[in-house]
Amino acid sequence: MKQFLTFLLILTSFVSFGSHLAGGDIQYKYIGDSTGIARHYKVILRVYRDVSGIAMPNTETVTVSSGCYSNINVSMNLAAGSGIVSPTLFDCVNPGPNVKTLEVYRYIGYVILPMNCNNNVFWYSNCCRPGNITNIFASNGTLGNDGFYFDAFLNNLNGQNSSPIFVSEPVRAFCVNNPFNWKQSSVEYNGDSVIYSLINCREGTYPNQTNIPFDFGFNATQPVSSNYFNINPSTGQISFYPTNQEIDALSVLIEEYRYDSLWGVWTKVGSASRDMMISIVFNCNSVAMQGVQYDPTLYPIDSITALKYKEVNCGDTSFGLKFHIALDGYSINDIDFRMTRAQTSQPVAIKKIWSNVDVNYETDSVRIVMLYPFSFAGDYYLYSKKGNDGNTLMNKCGIEMVEFDTILVRVGPCPPPPPPPPIGPIDDIRNGEEPRDPFEPKAVVIPNVMTPNGDNKNDLFIIKNLMDWTTREVTIMNRWGEMVYQNIDYKNDWDGGTLSDGVYFGILYISYNGTIEEYSFDLTILR
């Protein structure tokens, strides 16, 4: 009886101490090449905690198990900076009873493995999950009774290895009826190939860990009520469209494979898993619902048009734009913006849209790269447009930028163009003749369809009156903004080459005697 009470006391202490955990991940990094100690590893444990639960300890334990040696308990010490609410948790939703407030704790430990083995397993187990998790049946009560198990695998028979290291934010909250891209970014130190997949959440202790059963309608690959739920096995990008307010658990596995050139086979050398809990609510917060907006602190308002404006120097080839909430990097497309010159209403060619995304594949700014430097002072209208992906820029909360949202780009000052050289009439006067009107090239007419099928009808891309102009530069790009044809001295002689049928985007740059004109056009090729 005394032994039973002692066991019950230990069990109760364990359950209450770890209750209301919300997930975690575990990774290892080989450091023996810098310490000079064979099989020396750094172990990284992250635990995500519901703030309504019991406080986390200053130390934790990760166990290393293997078929080659006895279990090793690794003491893990709490790292500085732990215990703060995840900085991205409330980017899209407001705090409230339907959103779990989660903190991230990071622990560091070190271990020297006694020998090389093909089945080293670094694992962590604890209890318990919060109650009221939607997709796990046993946690639907007021107090969850499901536990945690996550691990990292190591095969170091053919050399030491570092597991994939998760670097993206592990804790997020989302809103209903908006598309989301959630990147599970990782760093792979050894140059191995990685594969991402969705797996069951687990509990128990190694080697007897078990999968936690999902409630009806949910499973490991569809853990959320959503129109779709997919993970890219190469990049770890999770794409989904949640349709119901709920709290869900899910788990991601990264496996790494190394190519053995001697045997011509791929060998699994490591893995890391991450267990997560996400909150989904009916509405995004008011800031997110504004969609993609220019940073209001950076751009003044033009008194005439009431548009925000951005000042750019003459001769610049690019300029940056900053937004009030981070963008979903996957929504950025090279034709998400179009530009026209206010004075002439002529289109101005944009070469590409460049962005520097973070580990979550998000960014608060983009850079507009022009095909040619700005050479005329004045105002230009930059407006949003749906790209090849069917949408405009999208913020990280799945809310789009309004199409044709416009910002002024103010260019100047620019030096005056050089005066034109003397032309015909002066020479006519010197010869005693009546002065004649100087030659003026006719306006070009650009076709929007060509049919290069060999019937000698519309087989070439012929621009009417093009040969009146001195400079004749044509650039053709595909729907992804990639250049597929360019000629800086075009003579109406292009037959479409090997391009397949489809719609292409073109830029025509022409000049004559100081007059410069630039056109954007669409060209459909039908064979």
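## Cysteines, cores and rings

With a relative accessible area of 1%, cysteine 201 is buried (under 20% relative accessible area; exposed is over 50% and partly exposed lies in between, using a 1.4 Å probe and protein chains only). Its sulfur is 14 Å from the closest cysteine sulfur, in cysteine 127, which is too far for a bond. Elsewhere, a search of the whole structure turns up five disulfides (pairs of cysteine sulfur atoms within 2.5 Å).

Bear in mind that this is a predicted model: local features need pLDDT of at least 70, side-chain atom pairs count only at pLDDT 80 or more, and totals for chains, interfaces and linings use all residues. Residues are numbered from 1 along each chain as its sequence is written, and side-chain values use heavy atoms, with hydrogens and water left out.

**Disulfides**

- Number the bonded cysteines of the protein chain in sequence order and the pairing reads 1-3, 2-9, 4-5, 6-7, 8-10.
- Cysteine 68 is joined to cysteine 117, S to S 2.0 Å, and the link is right-handed, with 75 degrees about the S-S bond.
- Cysteine 68 lies in the loop between strand E3 (59-65) and strand E4 (72-78) and cysteine 117 in the loop between E6 and E7, so the pair ties together parts 49 residues apart in sequence. (Strands, E, are DSSP runs of at least two residues and helices, H or I, of at least four, numbered from the N terminus.)

**Nonpolar cores**

- The largest nonpolar core has 44 residues, of which Trp182, Ile238, Phe240 and Leu250 touch the most other members. (Such a core is a set of buried Ala, Val, Leu, Ile, Met, Phe, Trp, Tyr and Cys residues joined through side-chain atoms within 4.5 Å.)
- Strand E18 (246-260) and strand E19 (265-281) are among the elements giving two or more residues to this core, and E19 gives the most, with six residues.
- Leucine 250 touches residues including Trp182, Cys201, Phe229 and Ile238, not counting residues up to four places away in sequence (contact means heavy atoms within 4.5 Å).

**Aromatic rings**

- There are 25 aromatic pairs in the structure. (Rings of Phe, Tyr and Trp, the last by its six-membered ring, pair if their centres lie within 6.5 Å; planes under 30 degrees apart are stacked, over 60 edge-to-face and the rest tilted.)
- Tyrosine 124 and phenylalanine 150 make a tilted pair, because their ring centres are 5.3 Å apart with planes at 35 degrees.
- Tyrosine 485 and tryptophan 494 are stacked, because their ring centres are 4.5 Å apart with planes at 15 degrees.
- One aromatic cluster is formed by Phe174, Phe180, Trp182, Phe229 and Phe240.
- Lysine 268 puts its charged end over the ring of phenylalanine 153, 5.1 Å from the centre (NZ of Lys or CZ of Arg within 6 Å of the ring centre and within 35 degrees of the ring normal).
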